[in-house]
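These are my notebook entries on one structure. I set down what I looked up and in what order.

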Amino acid sequence: MNIEKMRDKLRKWREENFRNSEQIVDVGEELINEHASKLGDDIWIIYEQVMIAALDCSRDDLAWSCLQELKRQFPDSHRVKRLAGMRLEALERYEDANKLYDSILQDDPTNTAARKRKISILRAQGKSSEAIRELNEYLEQFVGDQEAWHELSELYINEHDYAKAAFCLEELMMTNPHNHLYCEQYGEVKYTQGGLENLELARKYFAQALKLNNRNMRALFGLYMSASHVAASPKVSAKVKKDNVKYAAWAASQISRAYQMAGRGKKENKCSVKAVEEMLESMQITMS
Amino acid sequence: MSMGEVELSCLAYAKMYLHASQFPRCSVNGLLLSSSAAGGAVCITDCVPLLHTHLSLAPITQLALTQVDVWCSQTQQRIVGYYQANACASDSSPTPCALKIAEKIFEQCNNAVLLMIDGEKMFPGCRVPPIVMYERKDARWALKDKHTIMLRQWEETCSIVNQLFSSGDQALLVDFDSHLDDITKDWTNQKLNAKIMELVSPANGNV
């Protein structure tokens, strides 16, 4: 691979925020070791990207050398200090990492990166309730931080606090109305909360997710299952039952079609295709 | 083998290990299967890796359980247990979600096992299997006596796992979550199973 290609790959991975750390280390290390002089000012952002990826791959040697280059070039930088903190986190030296982040915050109390690293440390230590509390405080100040809202929803889901997770996802859906993943996750949370009302809500949000992306399989299955459950409920009117049977039937046909197309010519997914077909058949029986 | 004993095959162990390794920052879970008849000892002959996201949310878990159930009846296997590896490697205790699913499995299989992967023991050269097993005793899940857990040909199993990593074949593993991201991927892992069975020597009768 030539230098241009390698640079482009790293840039793409940076822009899309991919965490394919092994590949980044592979490409990045070669670029740094053999072509550093040809990278111009790009080299600093590449050092940062490779350093973080190196931490992910337990390559402390590589992380350390990248960090040294950055420290030399930007001796008083908070951004570089944060990277030093991340290295300490990777070595599980959480107290030292926290000290570093605290010193950044003393200098600059609005430094969101340092605050978020401190919350990540709480997560790594398994201190979920504290992480949740800190994240809530953070969001009171930085109410537009999407990443933080999503992190909080994940924490609430892990703690089985579905109502609060739903609240976070509602925030995310409001600010990202075209994101099918948030709609689908919201549907999953509502489905998990259970009860007729939540199932109907779940169905609506799975349907919305499909409108935004008709290939979202989780949303399709979610629609199928929630509509089936509503249709099977003794509490619904005949009309509601009829409508939901229709929705479920539609979803089932979409699922079948998707699996037919996926299974074409591939011997290995015959098993998964068959499993889905039988499942759809058996659920049909219980619904009618 | 007698009542209360659990045998874990190379195939099942290898795939669980690969699953946990593929998603080091996530909690992962899966189902343990047996192709042997019920009664007596539990022989875990295979496993199905399920999720690496949102383990505690219901819809996808229900979907996966239903599909694995169907596949098992098609292939004469039974679900005999559940495994989980927590994202936080230093914590190998069963989560409420793990207990819930294990409970469900126990309803259908009275010698079901709950297996937690011990992340702290997953390093090259570790001499002890990184697993902790629980069984249902007196209405709760109790730690199983290590001596009732059989891992035949432990050294060979370790070597097979290492070979899978060096050949790059560990990337073949597909869990149910990945299948939903791309339904052309096979969550029954036929291809990977074949590779593993190739590496298992025919002499020891590991299934």
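**Entry 1. Aromatic rings**

I began with a definition: rings of Phe, Tyr and Trp (its six-membered ring) pair if their centres lie within 6.5 Å, and planes under 30 degrees apart count as stacked, over 60 as edge-to-face and the rest as tilted. I noted that the model is predicted, that local features need pLDDT of at least 70, that side-chain atom pairs count only at pLDDT 80 or more, and that totals for chains, interfaces and linings use all residues. Residues are numbered from 1 along each chain as its sequence is written, chains are lettered from A and ligands numbered from 1 in the order in which they are written, and side-chain values use heavy atoms, with hydrogens and water left out.

I searched the whole structure and found twelve aromatic pairs over all chains. In one of them, the rings of B:Y13 and B:Y17 have centres 5.8 Å apart and planes at 40°, so this pair is tilted. I recorded that B:Y13 and B:Y17 are four residues apart in helix α1 of chain B, which separates them by about one helical turn. Helices (H or I, at least four residues) and strands (E, at least two) are DSSP runs, numbered from the N terminus. An α-helix has 3.6 residues a turn, so residues three or four places apart point the same way.

I then looked up accessibility, where buried means under 20% relative accessible area, exposed over 50%, and partly exposed in between (1.4 Å probe, protein chains only). B:Y13 is buried, at 4%, and B:Y17 is buried too, at 15%.

I turned to another pair, B:W71 and B:W187: the ring centres are 5.7 Å apart and the planes stand at 80°, so the pair is edge-to-face. The pair links distant parts of the chain, 116 residues apart, with B:W71 in helix α2 (residues 58–74) of chain B and B:W187 in the loop between α5 (176–181) and α6 of chain B. B:W71 is buried at 4% relative accessibility, and B:W187 is buried at 0%.

Which residues do ring pairs link into a cluster? I listed B:Y13, B:Y17, B:W154 and B:F165.

**Entry 2. Helix α6 of chain B**

I found B:L192, B:N193 and B:I196 buried in helix α6 (residues 190–199) of chain B. They cover an arc of only 100° around the axis, which puts them on the same side of α6(B); the arc is that of the directions from the helix axis to the C-beta atoms. I looked up what covers these buried residues, and the elements include α1 (10–22), β4 (46–51) and α4 (154–167) of chain B. Contact here means heavy atoms within 4.5 Å.

**Entry 3. Helix α6 of chain A**

I checked the length of helix α6 (residues 94–107) of chain A: at 1.5 Å a residue, its 14 residues should span 20 Å, and its end C-alpha atoms are 20 Å apart, which agrees. The expected span is 1.5 Å times one less than the number of residues.

Which residues of α6(A) are buried? I noted A:Y94, A:A97, A:L100, A:Y101, A:I104 and A:L105. Seen down the axis, the buried residues of α6(A) fall within an arc of 140°, so they line one face of the helix. They pack against α5 (78–90) and α7 (112–124) of chain A. On the other side of α6(A), I found A:E95, A:K99, A:Q106 and A:D107 exposed.

I also looked at A:E92, in the loop between α5 and α6 of chain A. A:E92 is exposed, at 59% relative accessibility.

**Entry 4. Cysteines**

A disulfide is a covalent bond between the sulfur atoms of two cysteines; here the test is a pair of cysteine sulfur atoms within 2.5 Å. How many disulfides does the structure hold over all chains? I found zero. B:C43 is in no disulfide, and the nearest cysteine sulfur, that of B:C109, is 12 Å away. B:C43 is partly exposed, at 22% relative accessibility. B:C126 is in no disulfide either, the nearest cysteine sulfur being that of B:C158, 8.2 Å away. B:C126 is buried, at 14%.

**Entry 5. Record annotations**

I consulted UniProt, whose positions are given in the numbering used here; feature names are shortened, and annotations may be inferred rather than shown by experiment. An unreviewed entry lists residues 6–140 of chain B as "domain: MPN". I noted that residues 6–140 of chain B are 32% helix and 30% strand, with end C-alpha atoms 18 Å apart.
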